[in-house]
Amino acid sequence: MKIVIDTNIFFHDFMLDGTEFRTLFSELPRLGYVLCLPQIVYDETINKFLEETRKVYDNAKKLGVSAIQFSNFPNPSISPENAKESYQAYFTKTLQNLNAELIGYPPVTHQNLVERALARKKPFRSSDTGGYRDALLWETILELAKNDEVSFITNNPKDFSDEDKKGLHQDLIDDIQSRELKNVSLFTSIHGFNEVKIYPELKNIDEIQEQLKADEYDGLSLVTFLDGELTEHLGSQELDPSDLDLPNEFESPSLSLVEKIGEISEINVRQLSSGELLITFSADMECEFNIFIYKPDYFLIDGDSEVFVWDNDWNEWYVAASITKQVVLDLKLTFSPENEEVTSVSMLGIHPKETG
């Protein structure tokens, strides 16, 4: 089976080192899956990284942060352009290590694409002629489907899916059937693909699961990890204020401190081919979150607010503050028993703990 990953999936984990990518990449050889990267996706991913890096630099200047550190890069980058060069080398090397196939642009004519656009056939849109790039990507997938089944992972169901966003649009199904091609399956996330194609193939490790529940597993204590390492892994991740039930005026919330750990539940442990353990669990925690408040908004905040201001003149525009919330975190991590090291952490969800 061939796997094609769209640019908007790489966009959420440029370094390809999160738990979902690690899980997928670990199992590719064992399951005989081949990662195929269309040239258009490769080019777009590099360009998107540059665009996002520029945004990071602009936001850093706005918030008064002096140095930008990117995962897997040894030194803070001097400029977005330098960061892009480092990233392109890293991205290319990672793909080579995975034996990924780089697929060139498809042999489709402009006339064919224009005819498809004028007919408003997916992935072109019904209201305009947008979708040229998606059409090129789809033609690449159709070329692959001549010989192999294809799993297409994209976070763009609007242009590829049916109305319920659960499968391919009928226009695309018609393409497959009329050309007598192999099956093409649509997934809207790496997690969704892994749930269907990877997780059922993984072995559950019940013994380690019970040991983690009893906090008796050698090498990893979830309580100790949450208390001492969680902010190191997730502290730079910007959260949505609504996920924490915070007003939009509390900008860029991020985890800064774990103050108290309550119940840890729903622990599940699976074994990856790499030797790592894939561990999911939920944790009831009291945490402190850093926030930034635009100065004019800050002066309108109720005086009884639980916000603690630790720098009322962070820069020309913002006040720096923190707030403590009781939350439930759904987490997934990979752990190396050999090195006794947590190798990646993903936050599957976060929400305020219900009280009463």
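Let's begin with E139, which sits in helix α6 (residues 132-144). Keep in mind that this is a predicted model. E139 counts as buried because its relative accessible area is 8%, under the 20% cut-off. Its side chain has a partner too: the side chain of R179, in a polar contact of 3.4 Å.

Another buried residue is S221, at 16% relative accessibility. You'll find S221 in the loop that runs between α10 (206-213) and α11 (222-228). The side chain of S221 makes a polar contact with that of T224 at 3.1 Å.

Here are the two side-chain contacts together:

| Side-chain pair | Polar contact |
|---|---|
| E139 and R179 | 3.4 Å |
| S221 and T224 | 3.1 Å |

Now over to helix α2, which covers residues 19-31, 13 residues in total. From first C-alpha to last, α2 reaches 18 Å, close to the 18 Å expected at 1.5 Å a residue. Its buried residues include F21, L24, F25 and L28.

Which residues of α2 meet α9? They are E20, F21, T23, L24, E27 and L31, and on the α9 side the partners are I190, H191, F193, N194, K197 and I198. As for the geometry, α2 and α9 (residues 190-198) pack at about 35° with their axes 10 Å apart, and their crossing is left-handed.

How values were computed. Residues numbered from 1 in each chain as written. Predicted model: local features only at pLDDT ≥ 70, side-chain atom pairs only at ≥ 80, totals over all residues. Heavy atoms only, no water. Helix = DSSP H or I, 4+ residues; strand = E, 2+ residues; numbered from the N terminus. Buried < 20%, exposed > 50% of the residue type's maximum accessible area, 1.4 Å probe, protein only. Polar contact = N/O pair within 3.5 Å; in protein donor to acceptor, adjacent residues only side chain to side chain. Expected span 1.5 Å × (residues − 1). Axes fitted to C-alpha atoms, helices over the stretch in contact; angles between N-to-C directions. Left-handed = near helix turned anticlockwise from the far one by under 90°. Contact = heavy atoms within 4.5 Å.
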